[in-house]
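Biologist: Could you take me through this model, one question at a time, with the cut-offs stated as we go?

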Amino acid sequence: MKTAVIVFPGSNCDRDAQVALRQATGKAPAMVWHKDGELPSDTDLVMVPGGFSYGDYLRCGAMAAYSPVIAQLKAHAERGGYVLGVCNGFQILCETGLLPGALMRNTGLNFVCRPQRLTIETTNSAFTRAYPSGGEVSFPIAHHDGNYVAEGTVLDQLEGNGRVAFRYIDNPNGSARNIAGIVSDNGRVLGMMPHPERAIGGHEGGADGLGLFDSLMAAA
Amino acid sequence: MIDTSAIIAAMQAEQDEASANEHGINAEEWDRLITRLRRNPNLVELGIYSVMWSEHCSYKSSRRHLSKFPTKNAHVIQGPGENAGVIDIGDGQAAIFKMESHNHPSYIEPYQGAATGVGGILRDVFTMGARPIALVNALRFGDPSHPKTRSLVAGVVAGIGGYGNCVGVPTVAGETEFHKGYNGNILVNAMAVGLADQDKIFYARGATPGNPIFYVGSKTGRDGIHGATMASAEFSEGDEDNRPTVQVGDPFTEKLLIEACLELMATDAIQAIQDMGAAGLTSSSVEMADKGGIGVEMDLDKVPQRETGMTAYEIMLSESQERMLMVLKPGKEALAKQIFDKYDLDAEVIGMTTDTGHMVLKQFGEVVCDIPVPPLAEDAPNYDRPWVEPTPRAPLDLSQFDEPDDYGEVLLKLMSCPDMASKRWIWEQYDRHVMGDTVDSSQSMGNAAIVRIHGTHKALAITSDCTPRYVAADPYEGGKQVVAEAYRNLSAVGARPIAITDNLNFGNPERPEVMGQIVKAIEGMAEACGTLDFPVVSGNVSLYNETDGVGIPPTPVVGGVGLIEDLDKVATLKGAQPGDALILIGETKGHLGASLYAREILGLDGEDAGPPPPVDLATEKRNADFVRELIERGLVNAVHDVSDGGVACAAAEMALASGRGLLLDLDSAFVIHKEHESIGYRAKNALFGEDQHRILLAVSPHKAEEILALANAAGVQISDVLGTGNITVERELSFFDVNSEIRIVNVPLSRLRKAHEGWLPTYMSKVD
């Protein structure tokens, strides 16, 4: 599997993404600087990492949605390529319209960083196939704006079509229907606030994220 | 249109002693100034003298005493005097670290004050070529009941998180305490640790004449003018009006600056570099000139400016954040500009280094400053302030106090008092995991954070420590204890302690009793550093922490760094298993002087509380080194140092971290001087005494005999390894001793957790 990581000037989980993808694929991902706008042509998976894309002094990800590299990201998604947006990456995917809804300020108003238990809501996706159905995992979360909101009809559609990938156990941020991560219609674009790339073993984040990368490897 | 001739006239206007006085320069210093300069200064020059001679920049009250610190051992590459300290961690790599205060700004504007404190300390570290890998903070607030405390906590925590989280450096450890002595003057001390290759370390020294001076980062605005002077003055009510002197942080720009500087540092373009911190362009250019023994000439019109009509005075004294100054090697300007363009950062050549030894500044084509460099730095005032020996306290007389009715209630009260209560509400607001190398953080209530050295199986252990009530009770012994506890904490996770950074927070040094605290605390710390081979490699002094004539409790904070050679050989609080035997290393005498028990339960805070526990440094070293050896040999499951609240609180924290219960037999647990005349053995002494050099271990029973044998061989005092107690499946803490008043005390873990975790969130959610 060929992978790439988009690097915005304020991305700060780009190295974490790089390490996780290298560990999963055995190959270093292409690190694509936001100004360059070019994804390697044979990229299978693009990861949009966490961080503060352009400082995010405006709504998180709002400026990133107009970055030169986004056109390529959209084209990649339209071709049926895999996209994984984590944290700020999820916010950016919502701002670009690749995923529905938006991420608002946590209801507790504070930044929250903790190990977060999640349920696997669907194993019928390229990102979650390796997990047991109805399973429970713990990923670190670290965000200030992770409160997922969308119209009731959109939420109904997401649930009806099995597009809710992860749900929070003990909702940390007020997200509608405890939604922690959703996939696109074709199941190939995943946006999520929790950090699977910080749960790949060897440190405090645990190793529950390995299943997500294993799922991707099997899918490719 | 800007009236440039009016500005020049104002800048060049000759200043007198009265004007100097308004700049915080006293009569003695004025004499010194005009003697060195051989004329009166103009306004720009006076401004420059005033900031460079401020306490904050010149260390004029502490310099002669700081020289008592040991600053070298086999690992030290760079000690005090540069932007940060540098230690050898093997494999051609170095750890670079420093702690610095942002006390006054954080009191005036807590969010930005704390945020820019983090930004400043990060710059100190990456200026030297290190990628920052960890942040730590030591916070001290006023009494929780003080009307300002809650909003200060909220603002400072949000500011630290807002900056560190955005920059993408994990905040892995810290400490937070509350005391009425900080009501009008909180302490915000931030530490950064970075990682560099030893052949890519950059210094402020080394600049030679004839090279371009390169300004990078944010534009210069009017913010923070005279911040260094403010940080050197006492506060009085109404000082919130100083808000314009607090800088505003932009962590996004800092992130860009880190990446751009590290990218440039990978090339061979930089001769010397200094961040623009306190006193901004003034101190950064003076430091580089002074350390290089050269002069500088700068054209201030070339300085990127955020506002129009700025004067030379404002440009030189601005403390706008996220700026760096470097001296480039010849011909590297284009390369450097190209890299900073990539990150959309301003980057301009603003002058040249010279061989004149003078700082020459021009604005609108006119010379507005021409002064010799050495009097600003090396030759700055250096005072031997009068000081008085602190008065020793009489021993705490416990005879007038009854034994508590219920030891369980005492434990709950201690574990939920503001200083001991869980700080989860704080550290959950900090990203502790970004960079993917945090092996253990505040999350485990641990002795020290463990941060992996990226791409290796090694790690750094990091801790910050200070027990102000000990230092207040006896500055010398308290000073020793601060360093000893850092040594113990690092050892308790399996790290070899290497060096410390210090952040000395005290009151007004012009008061002889405060100066006495400073002198004796430094001497105590220095003795500990020497005996433990644990030198000071960087630091910061923050004086004049007073409000309306009342000084803060003396608070010399240290940040300790140790090396873990093999991540498979570490220990934390968390690993205790049911059936594990509990062992206590070290001797229990039951010292309750200046203890948390004395303050929280007996209500003694001050003279009456008695002296702090003495620290025997040889014992400290022997016990800590022994525990490290046990960890290296894989003989222990969980380790916790015994400090505030004694062994009862240490055991409680170990139980909370593992989610297990425990059973502790006080009688067989301790090497107790039951007949000690001045104390007399009572259960409260055993449970809550704060004797130093002690460490609690949970070990598999089948390893206990080996540990006993090793302890005997090492001459380490150790409790009865099979009778002390054990970790239980029942989620309950049980302390028993049929020979004392205690008999048996049971505290359910759930109740303990609720008390320990509940205090801070409940406090923060209250509405005034």
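Predicted model: local features only at pLDDT ≥ 70, side-chain atom pairs only at ≥ 80, totals over all residues.

**Strands, helices and the chain contact**

Modeller: Leu135(B) stands opposite Thr171(B) in S5(B). Residues are numbered from 1 along each chain as its sequence is written, and chains are lettered from A and ligands numbered from 1 in the order in which they are written.

Biologist: How many bridges join strand S4 of chain B to S5(B)?

Modeller: Helices (H or I, at least four residues) and strands (E, at least two) are DSSP runs, numbered from the N terminus, and two strands pair if DSSP finds at least two bridges between them. S4(B) covers residues 131-141 and runs parallel to S5(B), and the number of bridges joining them is 7.

Biologist: Which strands stand at the edges of that sheet, and why is one side of each left without a neighbour?

Modeller: The sheet is open, with mixed pairing and 6 strands in the order S1-S2-S3-S6-S4-S5 of chain B. Each edge strand has a single partner strand, so one side of each lacks a neighbour in the sheet; these strands are S1 (76-78) and S5 (171-178) of chain B.

Biologist: What angle does the direction of H9(B) make with that of S4(B)?

Modeller: Axes are lines fitted to C-alpha atoms, for helices over the stretch in contact, and angles run from 0 to 180 degrees between N-to-C directions. Contact between two residues requires their C-beta atoms, placed from the backbone, to lie within 7 Å. H9(B) packs on the sheet, where it touches S4, S5 and S6 (187-197) of chain B, and its direction makes with that of S4(B) an angle of about 175 degrees.

Biologist: How many residues of strand S10 of chain B are buried?

Modeller: A residue is buried if 20 or more other C-beta atoms lie within 10 Å of its own, exposed if 12 or fewer, and partly exposed in between. Arg323(B), Leu325(B) and Val327(B) point one way, Met324(B), Met326(B) and Leu328(B) the other way, and all are buried. For the strand, residues 323-328, the count is therefore 6 of 6.
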